[in-house]
Structure formats: C-alpha cells, structure tokens
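Subject: Structure for you to look at

Hello,

Here is the structure I said I would pass on. Please open it alongside this email.

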Amino acid sequence: MSNRPGGNPQLRPDRRLGHLLSIEGLPEHLLLEILNTAESFLQIGERAVKKTPTLRGRTVVNLFFENSTRTRTTFELAAKRLSADVLNINVATSSRSKGESLLDTIDNLMAMHVDGFVIRHQDAGASHLVARHVDQDAWVINAGDGRHAHPTQGLLDVFTIRSYKGPIENLKVAIVGDILHSRVARSQIHALATLGCPDIRVIAPKTLLPAQVEHLGVRVYHDLREGLYGVDVITMLRLQKERMEASLLPSFAEYFAEYGLSERSLDYADPAAIVLHPGPMNRGVEIDSAVADGPRAVILPQVTHGLAIRMAVLSQLAGAREPQQTGNPS
Amino acid sequence: MSNRPGGNPQLRPDRRLGHLLSIEGLPEHLLLEILNTAESFLQIGERAVKKTPTLRGRTVVNLFFENSTRTRTTFELAAKRLSADVLNINVATSSRSKGESLLDTIDNLMAMHVDGFVIRHQDAGASHLVARHVDQDAWVINAGDGRHAHPTQGLLDVFTIRSYKGPIENLKVAIVGDILHSRVARSQIHALATLGCPDIRVIAPKTLLPAQVEHLGVRVYHDLREGLYGVDVITMLRLQKERMEASLLPSFAEYFAEYGLSERSLDYADPAAIVLHPGPMNRGVEIDSAVADGPRAVILPQVTHGLAIRMAVLSQLAGAREPQQTGNPS
Amino acid sequence: MSNRPGGNPQLRPDRRLGHLLSIEGLPEHLLLEILNTAESFLQIGERAVKKTPTLRGRTVVNLFFENSTRTRTTFELAAKRLSADVLNINVATSSRSKGESLLDTIDNLMAMHVDGFVIRHQDAGASHLVARHVDQDAWVINAGDGRHAHPTQGLLDVFTIRSYKGPIENLKVAIVGDILHSRVARSQIHALATLGCPDIRVIAPKTLLPAQVEHLGVRVYHDLREGLYGVDVITMLRLQKERMEASLLPSFAEYFAEYGLSERSLDYADPAAIVLHPGPMNRGVEIDSAVADGPRAVILPQVTHGLAIRMAVLSQLAGAREPQQTGNPS
C-alpha cells in the first residue's frame, strides 16, 4: 500500500510488523523481535494448560491452496493456543472449483471480519497479492508460496540455530539439496544473511541450483564433503519425488550416494555441528536414519520452535493492531 | 409435529421459531424478529473480541451433503462467534458411503445430544424431513435443499435491501437469471412477498423459468432492459455451468449479451438502484466486473449481513428453547 | 515401556490407566473405574451447557488413517465438551502421501506438545506401536486398529448392557455376524469376560469365524435361533459389503435369511432381551428395521453411552498425569 514506509508491504506506517510475507525485506529489528517473542511462547508448550487469551475473539483463516497437513496443523494449533477462532479452508475442494477468484474469496472472508489470513499457495507472490488487497486492519502470513518464500520456516530455522549455536554472525552454515525448488532454502538464506551470517554455503548438483544463485550471497559447492568442511550447521532439504520424474536427477540411490547425509559425510563438518531438516524427511534419500535420529539432529526441536515462532508472529500481527484500531492513518 | 400450530413445522407451540426451513410459511413477525436481532449482531463483527457466550456449551452440527465451503464457513463462524462447539460433517466422505440413511445419521447425532443441525442437501425437503424427525429440543436450519429453499440467503437479501433502500413495501425488485434452478430466487421472492413488496420481477430466458412462475406473485420479463426499467433493487443469480452443458443455453457469451448485468444495462434501472448477488460470482457471465466492483454493488455487505443473520437465527433457535426446557408439552 | 508393571503397556507405574489400547490386558478395576466415571459424564449431555473444563488447554489429536466420521465425531465431541483443543488429522490426505512414517508423524506432533492421540489405523497393533514410542507424558487411545481392537466400543457395550440388564455375571450374551473381521466383537468379548460373563456365544457362518475362536472363552453356534435361545443380550455386527465381494458369503438376502435379526428370530431370546449394534446399520442385511427401531433395541443409547465413555477415558488419561508431572520415575 502506498502508505507503507518505503513501499515495504510488510511494514505498517509505524514500522511495526503488518504482514509476514518473506524474510527478504524484513528489517533485522523485526526479525529479532519475533525470535525474542517466540522465546516467551516456548514455555507455554511445557505447561499443562497450554493456552493464552492473546487472540480471544479473533478469527484466523487457514486458506490452503496446496495440501499441507503439517503446516496447517502448526498454524491451527498456534492460533488455538492463543484462543483464536480458526477456520480451515482447503481451497482445492471449495468454491474455487466453482471458478471464484482468489481475491473474491478474500473479499468474502474480509466481509466476515476475519482478522488474519494464513495462506499457502502454489504461485509465488500470492500472499503479497492478498496483502496488498486486504483492509488495513487485516494481516497476512505467507505459509509458503510456490518456490518463493516460507518465512516462518526461515524464522524457526534461525531460532533453532541461535538456540543451539549462539550468535549467527560466528557461524558457517551449509544448505544441501534441491535449492532450485526450495522456498525453505530461500527463506533460510535471507534470515541468515539478515542476522549477519558470514559463511552461507549451498551444496547441490547443478540441475538443482537456481541461475545466479551466488547473488543471494552464498558460496556454491557441488561436492558434499568439500561443502560441509568445518560447518557448524547443516540443513538438509527434502527431495521431492517429482524431481526424479522430471529427469533432473538419476535415481534416489545415486542422489543419496552423492548428496545424502550419512554419519560418514557428517564427519567433515565441525564435530559440534547440528543438523536441520524442514520435514517431512525422506529417510534414506536425503538423510540417513542414523543421522536423523542421532545426537546432532535438531529436527524435532525445529518443530517445537516452529510452533513458538508461529504463536509469536500471530500475536505480533494481532497486537500491532490494537493501539491503531481507532485512529488508522490513511 | 402434531403439536405445531396449524401444522407449521417451523413454529413451536408458543408460536416462536422452532426451525428455519423456508421463508414460505414463516410469519412476518418472526421474519422481522430475525432481521431485528441481526441488527444487534452486526456490531459484534466490528469489535476486536468478536464473541458472545450465547451458545456456550451447545453443539451445532454442520451436516453438508453437498460441498459448499462458503455457506459452511459462514455457519461455522456464526456458531463459533456465539461460543458454540461446532462439528463439521461432510457426508459425501462419511458413513453415508457405508450406506447409512439420513435419519440414522440424525438419530446418532441426536443421541450425542446435539442441539442444532445446519443441513445442506441436494434433495428438496431434506431438512423438513429432519425437522419432523428430531426431538422437540433440537432445531434444524435449512442451508439449502435442492432447488427448494435457502432461507438464510433470503433473509440476508431482504436485510441488505432494507438497510440500503428502506421499507420493502415501497420498492421495485428484479431477480435476473436462472430462476428455474435457484433456491436463492425462491427464498428471496417469498421474503419480499412477506414484507409486502409490491413489484417483484423475474427476468430470464424461458428455458430458465419454472412453469407457472407467476403463481409466486411475480411479473415475468424475457428482456433484461425492459425488466430492469425503474427498479430499485437488482439481484443477479449465479449461472451454473451445468446449465450450459444441459443445452438450456447457447453459450456464456450469448448469455452475457442478453442477460448479463453491465453498466449499460444498469442504466435502465433507477439511478439509486443497488445490485445483489449471492456469490460466488461468474464475472463476465452473469455480471460484469465493472458492476460487481462498482458503487451500486452491495455484494460484500450481503456477506457481512449473512453472518449477522445466521448468528441471529442460531441465537433465536437456541434461546427459544431455554424457558421450555423443563416443561415441554407433548 | 520397561517401567510399566508386568510389561503391560496400558498401565502406568502407579498402576493407573496410561493408555487405552485394548480391553485385553485391562485390569478389571480400571475397566470398572472407566464405567463408573462415565456414569458421571452421562448427565453432562443432558444439560444446556454441555461442557466441563477438565481438559482445558490440553491438545488432543484425532489421527485417522482410516475414514470414520462417526468415530471421529464422537471423540471430537467428547474432547470439545471437556474443553480440549482438538486437531483432526486425516492421514489419507496428508503428509503420509509424502512418504512420512507413522512414527515420524507422531514425533512431530509430540514436538508440538500434544497431550493425547486418538488413533484409528488399518493395521493391528498400530496404536501399541505409538504407545511404546511416545513420551511418558502423552497418552494414546486406540480408536480401532485393523481386526484387533476397538476398546471404547467394548466399554460402551458393557456399559449399555450393565445399565439395562444389571450385573454382567448373571447374563447370557450372543454376538452375531462377522466375528472374523470384527474388532468390535473381539473387544466386547474381552470386556464381558473381564466382568465375569458366564455365557458368551458367537453365532456366525464358518467363513466368518476366526480359527480357534473357542480360545476366547466363547461358545460357537452356526444356527441363529439355537444360539439366541434364552440370551439376555444380542449384539448384531455390521456386515461389510467387502465380505460379499470376497465370496465369503453368498448374497445379502441369503445372509439375512440365515443370520439377520428379525422379530421372529428375536422370539428365541429371553423376552426381556436387548439388542445392540455398533452402527452404522445395514437395515435388511444383518438387522430388520422392525427390530432396529423396536422396543428392545438399545442402539441409540449405545451412542449416548459411547460419548460418556470417551469423555471418561479422556479425563482419566489426562487426570492420571497431573500428580505425576513433576516427578516421573524413569
């Protein structure tokens, strides 16, 4: 919107968080604010009564144009633990099949005074489109749009890295696998860069790298062991079966031999290195079960952190509204 | 039931609302009571905490034998904002596929002490059947049954008309499109007639009109501009693609040329006329985007009003019970 | 787990209920405790406000690997009436299709601090597998696993029998139909045996009986009337259409003639006999409508009792945690 500072669609006029669309363009202080808020939400999960009234009476819509039970579940649970009312709309099976446009769907939900939208869509930019369209009172979280971004994933990744390895600016981080099709990789790279990570590496076969990937500020490796050498953090990306079918890769077995993370290849990393994976894992394809279930894996803590991150983002977006509600600048 | 006055299945023995099955047969005072109650629910949507405890501890089942995310969503949200527990049952994917009958399904839910049923069904009369079957404590809302009725739609239509144009008894109203297959048209016509609308027009090709439609108290036009002449309210009906396939119509383009609402044809109506559409719209088929997004369209307010109407109906049906609960006549 | 007494996976170290996986191996005092707790939950369904705060702030996941709207609905409603947050995950349409294993799915949900899992799975033993895997704080309810067990069904059956016919140790009970494929039969037989039922009969064609069924402590009949002679309780099992297709049976009509319960065959039972059915019924296949809707059927009370049983089990599993939470033995 024209009144967003510098045209940044994620910021409100008072420079607080207005939408969460991508890590790219998210100022460091807002990113840190989310991480710090998430710390305080972590402990709610430990209680018997895992609930706060933060979003009581607010309506959050999970609008999913792609199936993703896992992501939908974490957002649904985050919103419910904040006491929001949650509507799950799986648009694959809904009125879109009757030909309604995305923005007509949004307009309808806005007319019901929905407070926030959590959107997953196969097209890059879908949630930006919605964010430009909604009223100033409503907010949008991008829960994954095409190959573009998945910002809560990037946030939970750096949250996890920071909590295990300390300040990001001292770390060497490698991301391994299908960088080309991965919104997870893209979001993590931006988050790491924002927090000053001095050494970000991507490790992948040429067919799974975007053109001019170096422009993201990363170093490119085609050899796994060379790329892992001395790193503190390894993120293994999920390999979609479709890549194989599209002949971008020879076979699962050959992929695993070259780019799969086994205990042997893990030896090339720093002895205290941690291993991340966004899930769901293909055991034996991109990661060996011995590593996935081993002492260096922080894959399940990522899930726990992901819930806290989503609660933090939801509460910041909802809270950012309150003092504004009666006197919105326009 | 035998103890319903005059056999009217929607009335309780004390003449209050017992079920909402169709506008036909709904006495004017009850219709007005719903509209007036809806006024008070409108403002809840404006608050930060969009929630009242009216239905706390009550269980509402959305029992949908036809997919309709939009209608299901409004009822789900209405019930949640009234603090009810909501169960969504999509019967296409449920035990009906195991061969259980509609009434066995209802009996089962009744045995779980469900308070109310919101039913959408492909067969006309399905919710009447259920209403005759349930215990006196339970209530039924018809959320669309075949071509027969969609009473909350009729109510939100007259609510919207009244709030923009004042008393219905002074208005000329045109309904345009597929009258034959439309429960929306039928419900709106009955609502307008109940409130004393002196001039109701239907505008449609002969293939999309029911036999003896004049018996509903409407005037029939086959020419759009002639029919729109001087009207205060225009309701455009959604054109189902299936009509085309069934050869009831030549093509979308020809349909739009003859019966689609463009700014030019809108000129024939009163300059202050408003445009309604039940949604979802087929832009460029029955309505031009310039009209749909223009200043005369009240299509999104219809959605807002629809939520308030559904909250009003739910609360009346639930409230009607309370003083009766210990001494039901039988 | 190794610290479960006698290796019984359903018991906690203090011998209270830790999981509900099968009636087999459930000690009589725990079974009775569930029945008695259910009595107190029965009346909640009668109230206007059908809700208690017992599970407030707890998260219950309905993890269904088989479609069953009916069972999912009863567990969802039971959890909601106890004020829990409920997540419905239908795994047929979720990330399992992305190849994630059952235990990875469970680990993920555990990482979100889910309190309890209600699991339906096509494979016998699935919920045992999960119960062995989860943290000591979490609990598992088996909502049906293959042909193995459906313990809440067995509990609601004996609850219903007890409330209509008094002490189980005085009763003759017949179970009729597809014993071979029925987890319902198996669970009811174990529940009856635990409560000292002296005369349990199964009545079925040879093709629908498991090998060595007598080892369950039942008497086998192939003739319906002979088997029904003098019984106090009759449980009719649902006949799956698939059995017909698999040529285990000649035709529905012939099955009904031999094993369907009509008023005439009912005459062979005790005049005060009651008729149970787990639902959904195939009217005219295993049970005649005159019987299903007749005065001896307690099929709908079974549903009411099933909800109370599920509330009782949920509250016992949740409650069993509280005093333990700070000092778990390990």
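Below is what was found in it, by topic. Please keep in mind that this is a predicted model.

How the copies relate

Chain A can be superposed on chain B by a turn of 120 degrees with a shift of 0.0 Å along the axis, and the RMSD is then 0.0 Å. The two copies are therefore related as by a three-fold rotation axis.

A sheet in chain A

Five strands of chain A form an open sheet with parallel pairing, in the order E7-E6-E5-E8-E9. Strands E7 (219-221) and E9 (274-276) of chain A are at the edges with a single partner strand each, so one side of each has no neighbour in the sheet. On average, and ignoring direction, neighbouring strands of this sheet are turned by 20 degrees against each other.

E7(A) is paired with strand E6 (residues 199-203) of chain A in the parallel sense, over 3 bridges. Here Val202(A) lies opposite Val220(A) of E7(A). Helix H5 (residues 151-165) of chain A packs on the sheet, where it touches strand E8 (233-236) and E9 of chain A. The direction of H5(A) makes about 165 degrees with that of E9(A).

A helix in chain B

Helix H3 (residues 102-111) of chain B has 9 of its 10 residues buried, so the rest of the structure largely encloses it. Among the buried residues are Leu102(B), Ile106(B), Leu109(B) and Met110(B). The packing partners of the buried residues come from chain B, including strand E2 (85-90) and helix H4 (126-133), and also from chain C, with helix H2 (69-81) and helix H12 (299-319). After H3(B) comes His113(B), which has a positive phi, near 60 degrees.

Regards

Key:
Residues are numbered from 1 along each chain as its sequence is written. Chains are lettered from A and ligands numbered from 1 in the order in which they are written. This is a predicted model: local features need pLDDT of at least 70, side-chain atom pairs count only at pLDDT 80 or more; totals for chains, interfaces and linings use all residues. Side-chain values use heavy atoms; hydrogens and water are left out. Two strands pair if DSSP finds at least two bridges between them. Helices (H or I, at least four residues) and strands (E, at least two) are DSSP runs, numbered from the N terminus. Axes are lines fitted to C-alpha atoms, for helices over the stretch in contact, and angles run from 0 to 180 degrees between N-to-C directions. Contact means heavy atoms within 4.5 Å. Copies are superposed by least squares on the C-alpha atoms of residues with pLDDT of at least 70 in both. Buried means under 20% relative accessible area, exposed over 50%, partly exposed in between (1.4 Å probe, protein chains only).
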